[in-house]
Structures are given as structure tokens and as C-alpha cells.
Amino acid sequence: MSESVVVLGLGLMGRALARTLAEAGHPVTVWNRTPGRAPELDVARAETPAQAVAAARLVIACLLDYPSVYETLDGVDLEGKVLVNLTTGRPSEAREAAGWAAERGAEYLDGGIMAVPQMIGGPGASILYSGSREAFDRYRAVLEPLAVPSHLGEDPGMASLQDLAMLTGMYGQIAGFLQAAALVESQGVGVVEFTQTRLVPWMRSMLELLPAWARDIEAKSYATEVSNLEINASGLVNLARAFEEQGVTTELLAPLRDLMARRVARGHGDQSLSSLFEELHPDLHH
Ligand SMILES: NC(=O)c1ccc[n+]([C@@H]2O[C@H](COP(=O)([O-])OP(=O)(O)OC[C@H]3O[C@@H](n4cnc5c(N)ncnc54)[C@H](OP(=O)(O)O)[C@@H]3O)[C@@H](O)[C@H]2O)c1
């Protein structure tokens, strides 16, 4: 069944969404602040956000940030609409936007896109949604061609929270990779060869540990028979010194070293590395 859809924003992501929806057979009406973007798209173009929104009940916004969503929809009649906001923001912004939409008579779904534009409509892309479950169920089939959809709960902030948590994991990996590359490169080792043959297999095997660490965290049980925090803390001191000797900055590494030292100083050196979690949450300090 085809469903008319409005897409607000034809940035890199907005145009990938609009294209995929049009290819799935839905009549798509788009609006973009700067006219003339993505001329290759076979879609209807509205001159104003109000004109666009009038074209369908389902309105997808994919703009720079939440202020740009408010700016775009300021004064636009949203009564009876379903606003699906795929703009990246924070949980608090998503909750505020849900309230803002409700005041205007609109249902609200917030979404976190776990993909780059090139992945939209293809395998491996997912979008996390939260907010109105009813709206999600009603439009699930329309949203499905964009990326695998998951609804994470009625709390509109939940998609953003888990999106940001996933990005946090990604940035941690990137930080680890960059530091490792800098260290080997400082001694003339080929970064490509090192990455392919040693770092990636090693990081993959380290990832296997995470579910067990997650269980430690939920159980608040940090006993270990492998390498405890004290060993790791001195390992990090050694690592940072090696960085300095090789002329590589310790900016990314030092916070982790200092966190470990603090945990050991609090008397938890015999615990597992996973117990560092306790130092990250201000309410949980022991
Ligand atoms: N690209 C990705 O890989 C990716 C992945 C996941 C999530 N996202 C999220 O998707 C959203 C869009 O990203 P993008 O990659 O499409 O960014 P982009 O290419 O920079 O596009 C930004 C869009 O926002 C519009 N915009 C900016 N300020 C505006 C304002 N004040 N009022 C109205 N429109 C405004 C721009 O319009 P103009 O054309 O007029 O400048 C453009 O359509 C962001 O929240 C981003 O975090 C992107």
C-alpha cells in the first residue's frame, strides 16, 4: 500500500530517505530550506514547510538539529499529523519535541539512524524509534524499506539514548584504533598491515568479552580470576609512558589511566576491569 510521505530536509541523509521512500512506491513531497537541492529526485517539491506538511499525514524531518526542526515547523498546522523526527539530538531534546508536537495535536516518533546515507535502503542499516507505539505500528511498513526499524519504548528519549550509547561504543573503538596506529607508525610500522593482520582480529576477540562484562555490571559483581584492575592500571601507566617515549600524545589514553588509578586508590584493585563502570556514574561511587 502506498502512503503519502513528507520529507523535510534534503541534506545527505534526507535525500537518501526521500529517494528510498519514492523507490518503494510512496508519493513523496519534500521541502528544503535551500531550494534546488537533489534535483535528481523524482518527488514533489513544496515551496514552504506548511505546503509540504499539508501533503501527507506522515511527516519525516531530517534536519541539522532540533532548533532547525522548530524553526522549520514554527506556525505550521500539525493537527492530526505524525511527526517522525530522524534528526540527531539528545534524549531531553526528544522528550521536549514530543511535548511540543502533542501541544500541536501531532503524534510523535523520535528516531536514531544507525547508518550513513549510502546504507539507507540497503542491508545493515537500522533505525531506532521511540515514542508513540501506535504510530510506529501504523507506519512500520512504510518505514521498513529505509532501514530495519526497532521500537524501543514509549519514552521518546529512548531511541536517542541508545543511539548515543552506540555512537559512544563506536568512538571508543575509533579512539583505540587511532592510538594504536599512532604508536606503530611512530616506529615506521605499516599501519595497514598492522591493522589487518593484528589489530582487527585482536579487537574482535576483545569484543567477545563485553557480554560477560555487561553481566558483571548488572549483577554489581566484579570478581575476576584474570587480569584485575591493579594490573591494568599499571599497564596503562606503562602504555602512556611508551606513548611519550615514542613522541605520541597521551590525550586520549590519559583519562582512562587516571580513572583506573582512582578506582585502585579507592581500594578496588582486586576487581575486574568492568568495575570501572562504577566510577562513571556519580550516584554509584563506592
Ligand atoms: N549523514 C549521516 O551519516 C547521518 C547518520 C545518522 C544520522 N544523521 C543525522 O541526520 C540529520 C541530517 O544529517 P545530514 O547528513 O543530512 O546533514 P546535512 O547534509 O548537513 O544536511 C542538513 C540539512 O539540514 C538543513 N538545515 C540546516 N539548518 C537548518 C535550519 N535552520 N532550518 C531548516 N533547515 C536547516 C539543511 O538545509 P540546507 O540545504 O538549506 O542547508 C539540510 O537539509 C542530522 O541530525 C544528522 O546527525 C546523519
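A pocket here is an open set of grid points, placed over the protein atoms alone, with protein on both sides within 12 Å along at least five of seven lines, and its lining residues have an atom within 4 Å of a point. With that in hand, let's explore this predicted model.

**The largest pocket**

Start with the largest pocket, which is lined by 38 residues. If you want to find its centre, look for Gly 172, Gln 173, Trp 213, Leu 256 and Leu 273, which lie nearest to it. Two or more lining residues come from each of α6 (158-185), α7 (191-207), α8 (210-219), α9 (229-245), α10 (254-268) and α11 (277-280). Among these contributors, α6 gives the most, with 12 residues.

**The second largest pocket**

Now turn to the second largest pocket, whose lining has 30 residues, with Gly 11, Met 13, Cys 62, Leu 63 and Leu 64 closest to the centre. Here α1 (12-23), α3 (66-73), β6 (107-114) and α6 each supply two or more lining residues. Once again α6 gives the most, this time with 4 residues. Both domain 1 (5-154) and domain 2 (162-284) take part, each providing at least three residues of this lining.

**Side by side**

The table sets out the volume and the make-up of each lining.

| Pocket | Volume | Lining residues by type |
|---|---|---|
| Largest pocket | about 1800 Å³ | 29 nonpolar, 9 polar, no charged |
| Second largest pocket | about 820 Å³ | 17 nonpolar, 9 polar, 4 charged |

Conventions. Residues are numbered from 1 along each chain as its sequence is written. This is a predicted model: local features need pLDDT of at least 70, side-chain atom pairs count only at pLDDT 80 or more; totals for chains, interfaces and linings use all residues. Side-chain values use heavy atoms; hydrogens and water are left out. On a 1 Å grid over the protein atoms alone, a cavity is a set of points where a 1.4 Å probe fits but cannot get out, and a pocket is an open set with protein on both sides within 12 Å along at least five of seven lines; lining residues have an atom within 4 Å of a point. Grid points are joined across faces, edges and corners, and a volume is the space filled by probe spheres set on the points. Ala, Val, Leu, Ile, Met, Phe, Trp, Tyr, Cys and Pro count as nonpolar, Asp, Glu, Lys and Arg as charged, and the others, Gly among them, as polar. Domain bounds come from an automatic or database domain assignment.
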